[in-house]
Amino acid sequence: MPRPLRLIAASFALLLVTACNSASSGGGTPSSVRGVTADTIKVGGIVSMTTASGYSKKDTDLGARARYDRANAEGGINGRRIEYLGAEDDGQDPARNLAAARKLVQQDKVFAVSPMSSVTFAGADFLDAQKVPTVGWGTLPSFCGPAHLYGFNGCLVPTPGGTLNQTWPEGLAAVLGGSRGKSVALIAGDNDAGKFGIRTFTQGFKAAGFQVAYAKAVVPATSMPSDWSAYTKEILRSGPGGGAPDAVVSVMQTPYNIGLFTALKRSGYKGVISDPTDYDPGLLAKDATKQALDGVHVLLQFQPFESDTPAMRQFKADIKKASGGTDVPLNMHMMTGYMSADLFLAIAGKAGQELTVESFQKAAGGFSDTGTLVGDRAEPRGQKESFGCGALVRLKNGRYEVAVPFRCYPPIPFG
């Protein structure tokens with residue numbers, strides 16, 4: 001081969017080797033970063049769309065889509081459009097949760113998973129090991145500590161050394177006129193989320209000055225009871241002197257709450273009832289459901305929809321646009337997806353033009369902002385504690401009203 005041709009062939013071979021090494025190294029150029037191109041960022045979600053009990057978080061996907069749509073309409077993130085693939089349905093099943101995580105990373109090649117909202121997070125270790133930035137509802141311990149996992153309102157179930165959000169105990173203390181001499185019963189499902197919830201809320205209510213008369217994660221998580229009498233009898237005898245507690249707090253999902261609250265009311269219970277899930281006007285379509293939830297105080301970890309702030313008006317406009325221009329009943333799952341997407345977008349924006357996992361993590365390491373729908377945010381603080389803000393709303397005569405306004409409470413050490 002003539003010398004000039006040999007030089008050309010050698011140069012071409014060198015270019016091929018360099019290109020292959022770059023593509024396989026996971027380096028910093030857009031073409032070598034999973035899910036990132038010169039003009040797109042690929043993101044997917046994992047949500048419990050369907051469950052055995054009929055409970056669904058499907059609107060989490062709508063909330064995320066609404067926020068990504070607005071980001072794209074505003075020019076994307078540093079010039080890159082968000083390619084949102086939608087959410088995989090894990091059916092609230094650990095095996096499906098892990099399978100969804102593997103599919104999004106290995107098959108769909110996403111840069112990030114946001115939102116992730118389920119009572120199970122079997123895919124957490126896989127996503128963290130694969131260095132996939134993941135944002136979701138931090139109701140599981142997996143959101144508290146792993147380097148690449150973030151709760152949109154922080155870590156809600158911390159490990160020892162973290163802190164606890166006191167919105168619920170302090171809010172109920174305000175409803176009851178103080179916690180001094182007041183008793184509370186806590187009940188949850190027999191699953192990981194329920195057990196951790198009982199542990200943390202027991203400590204939180206005690207720290208707020210309540211007597212915790214009952215605290216058990218005993219309700220079957222896979223089959224809803226048809227008869228709640230065994231639970232209600234034990235709860236209603238758990239208070240001082242064998243009487244009823246001043247408040248019953250359920251750390252369960254809507255179908256379970258409807259059954260439990262109906263049974264409590266039929267037993268003549270007149271105390272305060274509270275839960276963290278039943279803020280959904282769509283639930284009021286059925287009279288039986290409306291009656292079961294009437295008077296219930298619902299914990300929120302974001303500004304109530306009844307608020308009239310610029311951020312809330314923007315949220316409502318974004319949801320309406322994503323819903324084809326129609327007004328749809330708002331619910332907390334929309335907010336969960338919306339704020340998961342919002343936190344991802346905020347950190348990715350600060351990562352700059354050269355978006356890599358490393359630049360995202362570096363941006364997260366010094367991230368903070370204020371005045372959001374979940375209050376002031378900061379990372380990596382949010383991987384050890386919640387952002388500490390929330391409100392209580394009460395269902396009264398078929399309408400939600402703000403019982404305790406949105407505010408931020410000092411966290412307490414968890415141990």
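This is a predicted model: local features need pLDDT of at least 70, side-chain atom pairs count only at pLDDT 80 or more; totals for chains, interfaces and linings use all residues.

I started with α10, whose buried residues (under 20% relative accessible area; exposed is over 50%, partly exposed in between, 1.4 Å probe, protein chains only) are M312, F315, D318 and I319. Down the axis of α10 they fall within an arc of 125 degrees, so they line one face of the helix; the arc is taken from the directions from the helix axis to the C-beta atoms. P310 and K321 are exposed on the face turned away from that buried side.

Residues are numbered from 1 along each chain as its sequence is written, and side-chain values use heavy atoms, with hydrogens and water left out.

I then checked what the buried residues of α10 pack against, and found α2 (59–73) and α11 (332–351). Contact means heavy atoms within 4.5 Å; helices (H or I, at least four residues) and strands (E, at least two) are DSSP runs, numbered from the N terminus.

Next, the cores. The largest nonpolar core has 77 residues, and F315 and F344 are among those with the most contacts inside it. I read such a core as buried Ala, Val, Leu, Ile, Met, Phe, Trp, Tyr and Cys residues joined through side-chain atoms within 4.5 Å. α11 gives the most to this core, twelve residues.

Last, I looked at the backbone. S114 and P115 are joined by a cis peptide bond, omega about 20 degrees, and P115 lies in strand β3.
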